[in-house]
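User: Hi! Could you walk me through a structure I've just opened?

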Number of protein chains: 2
Amino acid sequence: MINEKELLKEKAAYFAQESLETLNHYLRLPSVSAQHRAIPETVEFVAGLLETFGGKVKILDDLGGNPVIYGFFPAGSQGNQSKTLLFYNHYDVQPPDPLGEWHSKPFEPLLKDGVLYARGTADNKGSLMQRLAALKTLQEKEGLPCNVKFLIEGEEESGSAHLEPYLKKYKELFSADACIWEFGSKDNEERVQLYAGIKGSAYFELSTKSAEIDIHSSEAACIDDAAWRLVQALSSMKNQNNDILVEGFFDEIEEPNEALKKLVENLPFDQEALKNLYGLKRPLITEARGEDPRQALMFHPTMTICGMISGYTGEGSKTVLPKEASAKLDCRMVPGQTGEHLYKCIRRHLERHGFSDIEVTLINSQEAYRSDINDPFVKLVNKTAQEAYQSETVLFPTSPGTGPMYIFNKYLHLPIVSTGVGWAQSKAHAPNESIRIKDYIDGTLHMVYLLKEFAKI
Amino acid sequence: MINEKELLKEKAAYFAQESLETLNHYLRLPSVSAQHRAIPETVEFVAGLLETFGGKVKILDDLGGNPVIYGFFPAGSQGNQSKTLLFYNHYDVQPPDPLGEWHSKPFEPLLKDGVLYARGTADNKGSLMQRLAALKTLQEKEGLPCNVKFLIEGEEESGSAHLEPYLKKYKELFSADACIWEFGSKDNEERVQLYAGIKGSAYFELSTKSAEIDIHSSEAACIDDAAWRLVQALSSMKNQNNDILVEGFFDEIEEPNEALKKLVENLPFDQEALKNLYGLKRPLITEARGEDPRQALMFHPTMTICGMISGYTGEGSKTVLPKEASAKLDCRMVPGQTGEHLYKCIRRHLERHGFSDIEVTLINSQEAYRSDINDPFVKLVNKTAQEAYQSETVLFPTSPGTGPMYIFNKYLHLPIVSTGVGWAQSKAHAPNESIRIKDYIDGTLHMVYLLKEFAKI
């Protein structure tokens, strides 16, 4: 048994290494869904990739949005034909902005000191390649121990707005017994982090127009400007203490049970490491509020200004009353909350507080989802991670991040655990996104172990 | 006498028309001081222009900032050698942003239906050319009736930050008996607007940095973002009713006397026309507050957000906690207020309200100034305007706009009146800035009449 495991480890390392060249090709495709960049060529690339690894592929493109790619790899002749594991990945990436802060080009992979830098390495192209390398490891030996399916979509970074109709229509095609979600990373103490759930997100744009043209700011004694309107409207929605003030915002939340709260209490959390990682200039919100950051990350909804713009933002001074202003708002949701409800709350709040001129658009939304933390599949993913990485794991009942987990469960009814290829410095969504080759190899072995064990339960 | 006036009118029209080609050359120079564009070539162009019209020129460049151009045109042999009129102009222009809203290119003058479109037509290149055309009109006939000096600077649109040392050092060079200021325009009922004073301005940049890198917004339950910090700080400075809340902001204001207030009460003000001109979406500030907009424009200080930016402002959604945010703030000041005092007030206000992380920079500031409304020169500018334009005039004790009038009087001790080439649709500082050729010609005659009469008083 030790010999078999050692052999697998060697093979997994070999095929992981071998796959890096293909990963580099994949990373060079600037598939930014928010900017509609390079989508057709990326779909073609991914479909070809699955076929190269022996998959049957369908490109689903009949329900709007970027195509959804289906891949199927049947169990080998000695495998369990009645068990199917579904992998969820996405081929789109976040915009690379701000470009000036990258040390290398975001779409030119750079390998340096065992770290591979490029947009999409951690989120989420690395994970797909790693999973394919795991399949190859098993195929080369004795064939796959169970069926494997892939769902690879192209709008995850834009809120997976078109995914639900695909899941609804193709639920038979994607049917499986369990699902491995797209992402995961090690923490800064080298523990592998696994997630059995996910927060939701509702992304809004708020905008206002105060005039048809920008006006000389000498008129400001009579005429207000759009920037002030937006600032005042936003400040009515959240105060300096980070209390969200939108009436009804918290109404539909399903409180976590005591057992779950207790579990979260015992999760590791290194406040100083977090501050150092990001170079935070001020205390954590939870510090200032005397709250447990673990509970906040798992169970508190949020309201973030992801961006805002108005008027002249160039060099020096321009004396102008800006005619328009806009902000992008990301609300992370917990189970029970919906984007539609938050939209109504924000709209009503603005009306009530004298800001009926502020337009609100719900850009996209996804509900939160939590798997049963005691499901055998959840436990198996955890156990095999410990074996493959030879390190501790941390199993979170939910990720503070977001994805379409809720609709996967709605149509496919299956336990879902998220694990991936990142490390503590992966900087997903930020400049200089990266993964470590060592983690990439260990994670390949994790997927190999998981598939073998999963076929047996 | 009628014949002489008619002849002058004809000649002024001729030389005004003739000067348009040169004006177009001048307008093609994109001399945006805020962006350090095309300054040396514009200085060269303007100096050459003054020389072409017979002026003695000095380019003053020994005290920092963009060069200040001095021009001197002596009185003719029949003129009054002991009287000197000073013209103040600037060769720099506002940035042309937002570029997408121009119907023609900002630095490619377009003449259409008697209207000349380009950045700088109204503010302030048109006025300089017009004044030179007036000089030529008088030179061709009998020589200048008095001495004429020009001070043409290159940082007016950036707050004239370096002008004071030049005025201080070269006060003898620029000494004069009265000054015609750079700008002015007709109102929408074709009345010529004249200004015997000017508001001040203090331009600030507020910025904050919350982290060394942008952070995935899934962390928002623990980590706040720079955009919210800035929004909350700004909203503490001015409320939804447009009350400026910065403690001490109003402390040093010199109240206008009752006579001046009374004069202002009787100024024309067409609220509906103003709303239509700019396509305003909401009531005037003064409407909502039940205030007289004339008094507000003349005597109230303001606080405008001229621009703000944070995080992702591109297409679609990016889920990020922005690490930094900044805003540009323009405070129009009335007599008594200083930029240094307002800086201290804002700094102290932010500290007191828990925003010590917000950095404040005073980019530039200029104090307000009001000439004596009963000065003979003020009256003369008014009277000759009525004659030249053959229309009503409106004499404002102060312009709601800003410029370095205060320091002109500080070193040169002279009455100052502002008049210029604009019309009601000139859109200074905004896209599609323009002047009408008819006003340009009438204004040339105004300067001719003024110089002749000024030589006599």
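Analyst: Happy to; below we go through the chain arrangement, a few strands and helices, and some single residues. Keep in mind that this is a predicted model.

User: Nice. Which strand of chain B does β11(A) join?

Analyst: β11(A) is joined by five bridges to strand β11 of chain B, residues 304–311, and the two run antiparallel. One of the pairs is A:S310 with B:M308 as its bridge partner in β11(B).

User: What does β11(A) pair with inside chain A?

Analyst: With strand β13 of chain A, residues 324–333, in the antiparallel sense over six bridges. There, A:I309 has A:S326 as its bridge partner in β13(A).

User: Switching topic. What is the strand order in the open sheet of three strands in chain A?

Analyst: The order is β4-β5-β19, with antiparallel pairing. The edges are β4 (110–112) and β19 (434–436) of chain A; each has a single partner strand, so one side of each is left without a neighbour in the sheet. On average, neighbouring strands of this sheet are turned by 20 degrees against each other, direction ignored.

User: How many bridges hold β5 and β19 of chain A as a pair?

Analyst: Three, in the antiparallel sense, with β5 covering residues 115–117 of chain A. Within that pair, A:L116 has A:I435 in β19(A) as its bridge partner.

User: Which helices sit on that sheet?

Analyst: Helix α13 of chain A (residues 437–454) packs on the sheet and touches β4, β5 and β19 of chain A, with its direction at about 65 degrees to that of β19(A). Helix α3 of chain A, residues 121–141, lies across β5 and β19 of chain A and runs at about 50 degrees to β19(A).

User: Now the cysteines. How many disulfides are there over all chains?

Analyst: Zero, from a search of the whole structure.

User: Why is A:C345 too far for a bond?

Analyst: Its closest cysteine sulfur is in A:C331, and the sulfur of A:C345 is 10 Å from that one, whereas a disulfide needs the pair within 2.5 Å. A:C345 is also buried, with a relative accessible area of 1%.

User: Last one: where does B:T384 lie, and what does its side chain make a polar contact with?

Analyst: B:T384 lies in helix α11 of chain B, residues 376–389. Its side chain makes a polar contact with the side chain of B:H446, at 3.2 Å. Leaving out residues up to four places away in sequence, B:T384 touches B:H446, B:Y449, B:L450 and B:E453.

User: Is B:T384 buried or exposed?

Analyst: Buried, at 0% relative accessibility.

Definitions and conventions. Residues are numbered from 1 along each chain as its sequence is written. Chains are lettered from A and ligands numbered from 1 in the order in which they are written. This is a predicted model: local features need pLDDT of at least 70, side-chain atom pairs count only at pLDDT 80 or more; totals for chains, interfaces and linings use all residues. Side-chain values use heavy atoms; hydrogens and water are left out. Buried means under 20% relative accessible area, exposed over 50%, partly exposed in between (1.4 Å probe, protein chains only). Two strands pair if DSSP finds at least two bridges between them. Helices (H or I, at least four residues) and strands (E, at least two) are DSSP runs, numbered from the N terminus. Axes are lines fitted to C-alpha atoms, for helices over the stretch in contact, and angles run from 0 to 180 degrees between N-to-C directions. Contact means heavy atoms within 4.5 Å. A polar contact is a pair of N or O atoms within 3.5 Å; within protein, one must be able to donate a hydrogen and the other to accept it, and residues adjacent in sequence count only if both atoms are side-chain atoms.
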